[in-house]
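Subject: Structure handover and notes

Dear colleague,

Please find below the structure that I promised to pass on. My notes follow it, with the cut-offs given where each term comes up.

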Amino acid sequence: MEKERVKTFRMVFLAMMVAIGVVISPILRIEGMCPTAHLINITCSVFMGPWYSLLCACMIGVIRMMFMGIPPLALTGAVFGAFLSGVFYRASKGKIICAVFGEIFGTGIIGSLVSYPVMAFLMGREGLNAFYYTPMFISATIMGGVTAYVFLKALSQTGMLAKIQESLGAKIYDKNGRKKRDGHATDETHAGNAKLY
């Protein structure tokens with residue numbers, strides 16, 4: 001029964017993240033820059049992990065392409081950063097700054113390089129080179145990353161980050177959340193009780 005509740009909440013939360021991502025995507029957007037997409041990617045990575053973040057980025061990208069007329073940059077400029085943000089967060093044992101770096105590297109470097117052949121050869125854009133989108137992508141990821149970092153650190157300080165992760169069945173790394181829940185921060189005790197995602 002508990003597993004079903006967590007699974008349902010996870011799906012509802014994912015749908016909410018997708019909806020928010022689509023609605024706020026026009027904010028500060030120009031072609032090659034969408035800071036709010038990176039805010040959503042990092043937040044989803046920290047809350048739910050790399051695979052859900054990747055799924056969220058794919059769904060947002062497809063919806064934006066279908067209904068908003070956005071070019072394939074909606075996908076190439078989101079999916080790599082979304083996944084690596086979650087991977088870096090987990091590999092660092094819950095350091096939010098590493099989730100931000102994962103987004104910057106995944107989108108700012110990998111995503112920008114992949115975007116060049118997609119836009120030049122598939123979309124027929126002229127006057128592009130391999131690093132054409134790199135400055136714009138990196139700038140957007142830094143803006144979105146700073147916003148996500150401030151937001152997630154605020155949640156961490158209040159203990160809400162750990163509560164949200166626990167509700168979603170995610171592994172909890174946040175020390176502030178552990179102290180508030182358990183009265184002490186012992187990794188061994190927590191590891192035995194944590195849910196995996």
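Which element gives the most to the lining of the second largest cavity? It is α3, with four residues. Before going further, please note that this is a predicted model, in which local features need pLDDT of at least 70 and side-chain atom pairs count only at pLDDT 80 or more, whereas totals for chains, interfaces and linings use all residues. Residues are numbered from 1 along each chain as its sequence is written, and side-chain values use heavy atoms, with hydrogens and water left out.

The overall picture

The chain has 10 helices and zero strands, where helices (H or I, at least four residues) and strands (E, at least two) are DSSP runs numbered from the N terminus. Buried residues make up 48% of the 197 residues in the chain; buried here means under 20% relative accessible area, exposed means over 50%, and partly exposed lies in between, with a 1.4 Å probe and protein chains only. Of the contacts in the chain (heavy atoms within 4.5 Å) with a separation of 6 or more, 64% are between residues 24 or more positions apart.

Cavities and pockets

On a 1 Å grid over the protein atoms alone, a cavity is a set of points where a 1.4 Å probe fits but cannot get out, and a pocket is an open set with protein on both sides within 12 Å along at least five of seven lines, while lining residues have an atom within 4 Å of a point. Grid points are joined across faces, edges and corners, and a volume is the space filled by probe spheres set on the points.

A search of the whole structure finds two cavities of 30 Å³ or more, and the second largest cavity holds about 50 Å³ of space. Its lining consists of Ala37, Asn41, Ala57, Ile60, Gly61, Arg64, Ala74 and Ala78, and the elements that give two or more residues to this lining are α2 (35-48) and α3 (50-68). By class, the lining of the second largest cavity has five nonpolar, two polar and one charged residues, where Ala, Val, Leu, Ile, Met, Phe, Trp, Tyr, Cys and Pro count as nonpolar, Asp, Glu, Lys and Arg as charged, and the others, Gly among them, as polar.

The second largest pocket has a volume of about 150 Å³ and is lined by Phe13, Met16, Met17, Ile20, Ile24, Leu39, Ile40, Thr43, Phe47 and Phe151. Here α1 gives the most to the lining, with five residues, and α1 and α2 each supply at least two. The lining of this pocket divides into nine nonpolar residues, one polar and no charged.

Helix α1

Helix α1 (residues 2-24) has 23 residues and reaches 33 Å from its first C-alpha to its last, close to the 33 Å expected at 1.5 Å a residue; the expected span is 1.5 Å times one less than the number of residues. The buried residues of α1 are Val6, Arg10, Phe13, Leu14, Met17, Val18, Gly21, Val22 and Ile24, and what covers them includes α2, α3 and α8 (160-167).

Individual residues

Met65 lies in helix α3 and is partly exposed, with a relative accessible area of 29%. Leaving out residues up to four places away in sequence, Met65 touches Ile70, Pro71, Pro72, Ala74 and Leu75, and the C-alpha atoms of Met65 and Leu75, 10 residues apart along the chain, are separated by 8.6 Å.

Thr76, in helix α4 (residues 73-76), counts as buried because its relative accessibility is 9%. The side chain of Thr76 makes a polar contact with the side chain of Ser115 at 2.7 Å, a polar contact being a pair of N or O atoms within 3.5 Å, where within protein one must be able to donate a hydrogen and the other to accept it, and residues adjacent in sequence count only if both atoms are side-chain atoms. Beyond its neighbours within four places in sequence, Thr76 is in contact with Gly111, Val114, Ser115, Val118 and Phe137.

Lys93 is found in the loop between α5 (79-91) and α6 (96-122), and has a positive phi of about 65° although it is not a glycine. At 57% relative accessibility, Lys93 counts as exposed.

Best regards
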